[in-house]
Amino acid sequence: MGCRAAVLLCFTYLTFASALQASSAEHRTSTYLRSPARETLPLEHSRLRRQHSHPHAPEQIHLTISGPGSVSVSWVTHPHEDVSFLVRNPFGQWRAQIFSWASDVLGAAAASVTGSKRASRPMHSGHCSAKLQAAGLESVVQIGGRSGHYSANVSANPITQLCYAAGGYVSGALHHVVVGSGDEGPLDALATYFYRVGSFELGWSEEYNFTMPRESYQNGGFPYLLGLIGDLGQTANSEQTLGHLAGSGVASVLNVGDLSYADGEQQRWDTYGRLVQVSTATVPQMTIEGNHELESINGAPQDFTAYTARWRMPYERSGSPSPLFYSYETGPAHIVMLGSYADYGKQSDQVAWLREDLAKVDRARTPWLIAAMHAPWYNSNLAHQLEAEDMRSVMEPILFSYGVDLVFAGHVHAYERTERVLDYKMHECGPTYVVIGDGGNREGLSQDYMTQPSWSAFREASYGFGTLEFEDATNAKWRWHRNDDGPAVVADEVRFTRKPDCHGGQPGGRPVATAEQ
């Protein structure tokens, strides 16, 4: 919502913000000028089109952290394109229905290519998944410590292939297999594993490898390099961000939402999965929903069907009742992923869960406490002003009381880092807030700012990504890497030094940021 749409609201807020401003030579608004926004890459782009025409060839592979010593491996196949496989299932009562489904889907796909007006029958996503499981489809990960030598075959248990339908579109089979929680685990921290996904009957993907992230029990979890991105989309700028991220050496990635920018065009979820595989097949990535994940499927009220089916996060493990908010631990950090588009009222399930989750944090085990969400609470850009104010008013006192150190968000297509702040005032024990909604999406950059408040330390409307290097329980180095139309340039670098006095003398004190010279 911009000032043209709500002049009075913006005037009121700017007047309020001016009372908080203080001139400081250390507070900067970068004058770097970016090139104009770029359109979404075409469907036929080499990174977006399917690389294999075989319906059972795995694609869109991505890793997520599932729990201590385990990862979840996800991928997509297209069995609905293989009628001979679908009718060759062990459950006779399904045969005619599966054939009808496959015929209808194939007909709809053909109609989309030929431009005919053949009508397609919308399918309920539950029916889609039931028919998929009736076909006896396998989901297997082969994994081992040497290339080409796999010591374990891990299957989905229970069978968890999903699919969903949207008009004439069918997602294909969405496979999810947890590796490391069974007899093959736990996976060893810092060990490199080689894996491939697929099926004994239908074939395998190419081989990939990943290094299991360091855990807190091992040398305190240090050092640990965490990557951060947001509002990525599918443009040439997005591609550049992913290339820089893939070469950064991060142990895992935190994505603050607005992934594909599909906005209801479901095949754009497929193209996004192919685009990001350069990173996600080798480095675990954890996500939280953004507003662009909210879509209407088959005319139903908007929800997160595509996002939650494709990007399955381990919310149950943290006791969350919803995939829209959860927590996880990696290295020396306990990370709370908050849902900007889930209920956050004082009596909501999310707030109740948040209090319980933070109360369980062991700061001796995970001294760094991080929060992430999509819509920012602190933002001096004119874009999306006050959108998350209700959420902030409810949750900020909770995060402060439990000593949250850093808070990351996206939504605003620019970069900004604050001083330590509480309730719009600089506070020596408040968290530092970072907006990193600058991954490269098609909507372009948010370049209009209010006069810089005292709590805003650095801001720049450009594309890029961040890295947070945990050095020990006291120090962490933050770098924001600008995509400088070629190499990644470190445009903002600070060291966060924790202050134990801010947390009652316990190991969980909040950090102080000092600029690197």
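Which residues lie nearest the centre of the largest cavity? The structure examined is a predicted model, in which local features need pLDDT of at least 70 and side-chain atom pairs count only at pLDDT 80 or more, whereas totals for chains, interfaces and linings use all residues. Residues are numbered from 1 along each chain as its sequence is written, and side-chain values use heavy atoms, with hydrogens and water left out.

A cavity is here a set of points, on a 1 Å grid over the protein atoms alone, where a 1.4 Å probe fits but cannot get out, and lining residues have an atom within 4 Å of a point. Volume is the space filled by probe spheres set on the points, which are joined across faces, edges and corners. The largest cavity has a volume of about 100 Å³. Its lining comprises 15 residues, and Gln60, His62, Val76, Arg310 and Trp311 are those nearest the centre. Two or more lining residues are given by each of strand S2 (59–67), strand S3 (70–77), strand S8 (173–179) and helix H6 (267–280); helices (H or I, at least four residues) and strands (E, at least two) are DSSP runs numbered from the N terminus. Helix H6 supplies the largest share of this lining, 4 residues. By residue class, the lining of the largest cavity divides into 7 nonpolar, 7 polar and 1 charged, where Ala, Val, Leu, Ile, Met, Phe, Trp, Tyr, Cys and Pro count as nonpolar, Asp, Glu, Lys and Arg as charged, and the others, Gly among them, as polar.

Gln60 is found in strand S2. Gln60 counts as buried because its relative accessibility is 4%; buried means under 20% relative accessible area, exposed over 50%, and partly exposed in between (1.4 Å probe, protein chains only). The side chain of Gln60 forms polar contacts with the side chains of Glu59, at 2.9 Å, and of Arg310, at 3.4 Å. A polar contact is a pair of N or O atoms within 3.5 Å; within protein, one must be able to donate a hydrogen and the other to accept it, and residues adjacent in sequence count only if both atoms are side-chain atoms. Residues up to four places away in sequence aside, Gln60 touches Ser74, Trp75, Val76, Trp269, Asp270, Gly273, Arg274, Gln277 and Arg310, contact meaning heavy atoms within 4.5 Å.

The largest nonpolar core contains 88 residues, with Leu468, Phe470 and Trp478 having the most contacts inside it. Such a core is a set of buried Ala, Val, Leu, Ile, Met, Phe, Trp, Tyr and Cys residues joined through side-chain atoms within 4.5 Å. Another core, of 20 residues, lies apart from the largest one and includes Ile61, Leu187, Tyr193 and Met212.

In helix H5 (residues 236–246), the buried residues are Asn237, Ser238, Gln240, Thr241, Leu242, His244 and Leu245. Their cover includes helix H6 and strands S23 (464–470) and S24 (475–483). The N-terminal end of H5 is capped by Thr235, a side-chain oxygen of which lies 3.1 Å from the backbone nitrogen of Asn237.

Backbone geometry was also examined. Most residues other than glycine have a negative phi, and most peptide bonds are trans. Gly185 and Pro186 are joined by a cis peptide bond, with omega about -5°; Pro186 lies in the loop between S8 and strand S9 (192–199). Leu386 has a positive phi, near 65°, and is found in the loop between strand S17 (368–372) and helix H9 (389–401). Asp423, likewise not a glycine, has a positive phi of about 50°.

How values were computed: On a 1 Å grid over the protein atoms alone, a cavity is a set of points where a 1.4 Å probe fits but cannot get out, and a pocket is an open set with protein on both sides within 12 Å along at least five of seven lines; lining residues have an atom within 4 Å of a point.
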